[in-house]
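Subject: Structure for you to look over

Hi,

Please read them with the model open beside you.

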Amino acid sequence: MSDLRMAVVHLDNRTVEVVTPDGDLRRESVGAALNIALIERYGKESLVFGGGPLTGTFAPASALLVGSFAKGAAAKPAQAAQSAQSTSIRHVPLLLTAGPDFRFSGIDHLVLLGAAERPTLLHIDGGRVRFVELPKQAGDVPSLETSLRRSAPPFRSAILTGPAADAGVPFAAASIGAKGSLDKAGLAGAMAAKNLKGILLGGSGGIGFAAEDLRRSLELVEKIKGQKKKAGGFTSLVEAAGGGDCLKALKGATLRDAACFHCPAPCMVHAEFAETNPRLPGGPKKKGGVLLLDHMGWIALAKKRGGQSLPLLREALRLGLDPSAAASFLPREGTLASDIDALSALAQGGPALSPSTASPTTDPTFGGGLSPIGTGEEARRITALAFVLGVCPLFLQRFPQAVGDLPAFLPADVSPASLDRAAERVFAQG
Amino acid sequence: MEPANDIRDNELGIDDLRPRRPQKRTLMDRFMPRRRPFILFDPDRCTGCGTCETVCATRNAGQIAPASASVRVIRDDARGRNLAVYCQHCRKPLCVDACPTRAMTKDEDGIVRIEKLFCASCGLCTAACPEAAPLRDGRTSEIRKCDLCEGDPLCVRHCPNGALVYTKGKAFRWIKGLRWTVQLLSFLLLVMVFLGTFCYFNAGSFGLSCPTGALQNIFATGRIVLAGLAGVLAIFLLTVLFSRFFCGWICPFGFVLDLVDRIVPKKFGLPAFLKTRMAKYGILGGAAAGSAAFGFQVFCTVCPIGTLCRSYGQQAMFRGAEMAIVPLLAGLELTERRSWCRYFCPVGALLAIFASLHLLKIVIGAKKCKKFSCIQCAEVCPMGIIDADKLREGLSPEIPMTECIGCLRCLDRCPYGAAKIRFRRQKGVPGEVER
């Protein structure tokens, strides 16, 4: 990728350098592998965000942005403890529209160095990175997003942290807008350690494409549509993750398919459900909704609380908590009101951080939040390749036959050989 | 030196530079309006993947740049619903009127286009559009809008879930032909073949009588003629089933009004105090009271339906004074369509009372409805009961079935199949996400 642009942000002195990666970096590194190379170059304290060469292109499900950080990047003691359980470098997948909007903002990789003096927000657009003042009443994640929509420069997507990360809770999760994410490996903690409250992605620019890409995309999407039934959607993913019996918790909810950027085979659903105020049982019912993006998180809550899992998931996302961890901290029994109180207490860092049940985890290298569709080396290799390409790893695991078609969308200067080496590097990190 | 006024008169104005193109209407348009191309959006199928934005931008900006697209997907995070905002190519586009430089034009093919050369990017079109469909490019600040890719929209072709459909609407309106045929046959049968049968017809023990006439008869004589009531009961049952279908399909005077409507322009307005749909109930009550007071069916003497039904034949030709009521009431068509039926007809009033028990209803505004950009159903409704303002607000209007004459013009005219017949108890609009 000859036109690769990289921003290096020194949070401590609030300076930004926008540079083109030098030959050494560019030669062998692409996607998440370049994130690793940047962490190696700028030090283990750095936090790196980067898409792959396919992020935001016409390749199906090209939605991936990867947040990478090394063990110890989360400087707060609690996060350091969490970090110690994992491998040396973690990659957290950020899906929905975060990846494409990151690239449309004119930056391919973002390196964050140092720590800001006070909570800070970054706004990226037009190839520039700006510091944005945090609204006075930041509050929870949805409130923060709403107030930023009013006060900050226009943005299409946002990567935000919630009150849990502010309080240094090790189970905090970064969220894309207020929709949640698959962060179970401490990206929110790494951001909080840098006093970074969020990254706003303007996404007003664009990226080039080859003349044949539109036709190729159409053909590939048609092919995938033919295999969609076999691959299954949300239900199949939940069943594959061992949550088949949790599906009855969705009874009575209105489900609508939701997909990430340019994904022809949606694997998420938005659940709309009727709820009453938990403090006023028997009160008037109103409709609430939550996006089931984090299959594992919802399964963990549903296994513990059944039908109450939906409002609890929303509450966890509101507070910026990892739903899987939140489920493990809930008492064995409780009402919705008491569970919400427990989550609030957890998000504030107390009272006791000892899980009542073991939290379900998947591969911590890849963020820990991916549904285990396939296990073993082959699945890990596909995931590593997805992290290098910038394509949703769940999509690639569900449609492994698409792997052969994706290189056609690559820029001319990215060779399949360098791609393989990069994927091998990401795989080896695990 | 010339006076300043003269100089101003000689200046070129926008009308000289970009005169408005008058919309051409042919005679054929009156009977079979031209089919316009549209894109229909199905929110139930949209997953919010944004492919439409991406492919649209390639045409606008030559890049993958959703901010430069002419379509925008609005994602409602709380409710999980997505809405695609794009130009609806309205029949009467407000953006065209709002554009101060006349950069917006609605062409012969029905597509609203923007002439970049003249566009000042002022954004007044966006402000005027009910859906804010002319979108400002995030990169260049230019105004972009959908031109349907000149007949092969990329967004439709690439939408992976079929949430966008390109259509020109339906071509043939068969209900219209059927209704005119039935109305003509009814007119011929009731007025020219079975003379006076609408008012009263007796075949052995079975009698058929006009329900309003029967009601007046009861009040005038103080007796109930059971033979006549059989016919009233039949009309009652049919009205409960099919609403006021009699007014829309059978009534000979309604047929005359429909014919007159096609000829006379709407030049005048009714005084506000007359424009109340309750008036017809007052006339019905007055007819009943008058019959009781005078001992004969008072309204029947001036009833336009009865007059028509008794007008044919040698004997009837001499009833000049009575026949005068027909052109007199038909003259009301100069004000509003079917204004007699809307406000004054006591026969319709009695049928409306029956119709309050209706089993079927007409619903407008299924997910296919293009609401503010179309409003054809409201325009063709002869009874004026489809609330165009609701459609302009993007809401589905509720249709009062007591006022509906069951002509089915709304179903026939809607190019998208958004007007439907449904059972009374059926909730919501079929296919539409409940609010």
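Helix 12 of chain B (residues 252-263) has 12 residues, which should span 16 Å at 1.5 Å a residue, and its end C-alpha atoms agree at 17 Å apart. The expected span here is 1.5 Å times one less than the number of residues. Helices are DSSP runs of H or I with at least four residues, strands are runs of E with at least two, and both are numbered from the N terminus.

Before going further: this is a predicted model, where local features need pLDDT of at least 70, side-chain atom pairs count only at pLDDT 80 or more, and totals for chains, interfaces and linings use all residues. Residues are numbered from 1 along each chain as its sequence is written, while chains are lettered from A and ligands numbered from 1 in the order in which they are written.

Back to helix 12 of chain B: its buried residues are B:Pro252, B:Phe253, B:Gly254, B:Phe255, B:Val256 and B:Leu257. Buried stands for 20 or more other C-beta atoms within 10 Å of a residue's own, exposed for 12 or fewer, and partly exposed for anything in between, with C-beta atoms placed from the backbone. Among the elements covering those residues are helix 8 (174-193) and helix 11 (245-250) of chain B; contact requires C-beta atoms, placed from the backbone, within 7 Å.

Chain B as a whole contains 21 helices and 12 strands, and 41% of its 435 residues are buried. B:Ser311 sits in the loop between helix 14 (304-309) and helix 15 (320-323) of chain B. B:Ser311 counts as partly exposed because 18 other C-beta atoms lie within 10 Å.

Now the two chains together. Their contact takes 25 residues from chain B and 33 residues from chain A. On the chain B side, helix 4 gives the most, with six residues. That side has 10 nonpolar, 11 polar and four charged residues. Nonpolar covers Ala, Val, Leu, Ile, Met, Phe, Trp, Tyr, Cys and Pro, charged covers Asp, Glu, Lys and Arg, and the others, Gly among them, are polar.

Finally, in chain A, the axes of helix 11 (residues 309-319) and helix 13 (residues 336-347) come within 10 Å and cross at roughly 20°. That makes helix 11 of chain A roughly parallel to helix 13 of chain A (angles under 35 degrees count as roughly parallel, over 145 as roughly antiparallel, 65 to 115 as roughly perpendicular and the rest as oblique). The residues of this contact divide into eight nonpolar, one polar and two charged.

Best wishes

Terms used. Axes are lines fitted to C-alpha atoms, for helices over the stretch in contact, and angles run from 0 to 180 degrees between N-to-C directions. Two residues are in contact if their C-beta atoms, placed from the backbone, lie within 7 Å.
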